Amino acid sequence: MTLSRRKSGVVLHITSLPGEHGVGDLGPPAHRFVDWLAQAQQSVWQVLPINPIGPGNSPYQSPSAFAGSGLMVALQALVDQGWLEPEALKSVPDFNAARVDYDRVIPWRWARLRQAAAGFAKLATAAQRDALAAWCEEQSDWLPEWILFAALKDAHAGQPWWLWGPALAGRDPQALAAARLRLAQPIAEHAFVQWCFEQQMQELRAYAHQRGVQLMGDLPIFVAHDSVDVWSRPDLYFMDAQHQLTFVAGVPPDGFGPDGQRWGNPLYRWDRMADEHYAWWVARVQRAFVHADIVRIDHFRGFAGYWEVPANCPTAREGRWAPGPGKPLFTAIEAALGRLPIVAEDLGTITPDVVELRDHFGLPGMRIVQEAFGGDAQHPFLPHHHVPPCLAYSSTHDSDTAHGWWATANASTRGFAREYLQCSDEQLHWALIRATSHSVAQLALFPMQDVLGLDGSHRMNLPGTAQGNWSWRLLPNMLLGSEATTLKRITEASSRGLG
């Protein structure tokens, strides 16, 4: 990825936007946040994964690598179209404005999405019906499987697909045909929701471009076991005859945990994907760039070599390294789609083969400034060691906030950081952002929590834990302070402004 000029931006998940309907969505608050970014001279918004959520409310355990999250569909837009009755939004539950209560939000929002689908079926114009039908036809490589899977999952009270009975789990053609007839209405509802998501996402992207802002997407390397991707193509994953995983993904023990991290995602049969010229991956990357201008691929090191954990092991300690697809995968993507602005999330145990793979395709890696102060002046994440083809982050959505990190840092780390950053404790977040901005990295990025100087209770995600993550939200008044002005000054001083 080569940028035409130095840029900076903010990391904020769409679900973290403010709004009265329980979770951030693609409606007016998303457009207002673009305005805020432009005011602060930020030219990139890293939105994090936009796929449906899975276990732990995580978009990194998504039931689909191609679908968009129905929770992100703005409901007021459906009222404005005349498909959802205004009364449906007049008595909104007292949702927590600071946290997403998924157990309450999901059924409430989906009830209204289904009402809007019924309204569309009854009231849509011929042109609108044609537009939906044409879009569905354009998405025929992934949409039919997803809407059938989603309808079947609803019909089975959310049970994983391998518990749907032998015929459906094993994808018996007659059973699938019968399900399509039996579930025609919910299948149509899910198609409608995906179409609405697509329209609203494209409207947001177009608006961002008008304001000089690019969207940066996030593509998780793995999918969930309970996903349409695994159900529809079980031959591409390590599973037994009972549809259970034989190996799962994770990372080995390191300084952050003696047991490593057992993520539990299915592992790819790379040999079989190679036989198909990596067609699934090519389609997945192509889909990601429908919604984003830049795409970060998570856990890039897994393409050089990945940690393979036997599924019957409770921790990741018993895993081993296995070879990834390496250059042939990215050669196939480049041959099909051209050279794309892809970012390699190259954190963790990085070996020479990972660096060689990243650099061979000219992919920038990541440097997390917050993590640099646990070492000495030779730490590669310190700004004076950065190189232009990289992304400099003050911290990430997987890190503690700047002030949360500071509150738990030891005396040595604090002493080094104070000397390097030349800051008071209260101004730590701005000093961290300033140091990141002054890096030679082409792109500097800051989580919104760092911009606002929030403490560790506002953390977005704690890797390796399954509860309490992905729920943080901006309060509306958080965007009314002087932060945009301060960030603008830092951005202009480091030559990263919109210009």
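About 220 Å³ of space lies in the largest cavity. A cavity is a set of points on a 1 Å grid over the protein atoms alone where a 1.4 Å probe fits but cannot get out; lining residues have an atom within 4 Å of a point. This is a predicted model: local features need pLDDT of at least 70, side-chain atom pairs count only at pLDDT 80 or more, and totals for chains, interfaces and linings use all residues. Residues are numbered from 1 along each chain as its sequence is written, and side-chain values use heavy atoms, without hydrogens and water.

Select Ile50, Asn51, Asp218, Ala288 and His291. Of the 21 lining residues, these are the closest to the centre of the largest cavity. H11 gives the largest share of that lining, four residues.

Next, show H8 (residues 184-210) with H11 (residues 279-291). Their axes, lines fitted to C-alpha atoms over the stretch in contact, are 9 Å apart at an angle of about 60°. H8 and H11 are therefore oblique to each other, the class left after under 35 degrees (roughly parallel), over 145 (roughly antiparallel) and 65 to 115 (roughly perpendicular). Color Phe197, Glu198, Met201, Gln202 and Arg205 in H8; they meet Arg287, Phe289, Val290 and His291 in H11. Contact means heavy atoms within 4.5 Å.

Move to the second largest cavity, about 120 Å³ in volume. Among its 18 lining residues, Val11, His397, Pro447, Gln449 and Met460 lie nearest its centre.

From Pro447, go to Ala435, 14 Å away C-alpha to C-alpha. Ala435 sits in helix H16 (residues 428-437). At 14% relative accessibility, Ala435 is buried (under 20% relative accessible area, 1.4 Å probe, protein chains only).

Methods. Axes fitted to C-alpha atoms, helices over the stretch in contact; angles between N-to-C directions. Helix = DSSP H or I, 4+ residues; strand = E, 2+ residues; numbered from the N terminus. Buried < 20%, exposed > 50% of the residue type's maximum accessible area, 1.4 Å probe, protein only. 1 Å grid on protein atoms, 1.4 Å probe; cavity = no way out; pocket = protein on both sides within 12 Å on 5 of 7 lines; lining within 4 Å. Points joined across faces, edges and corners; volume = space filled by probe spheres on them.
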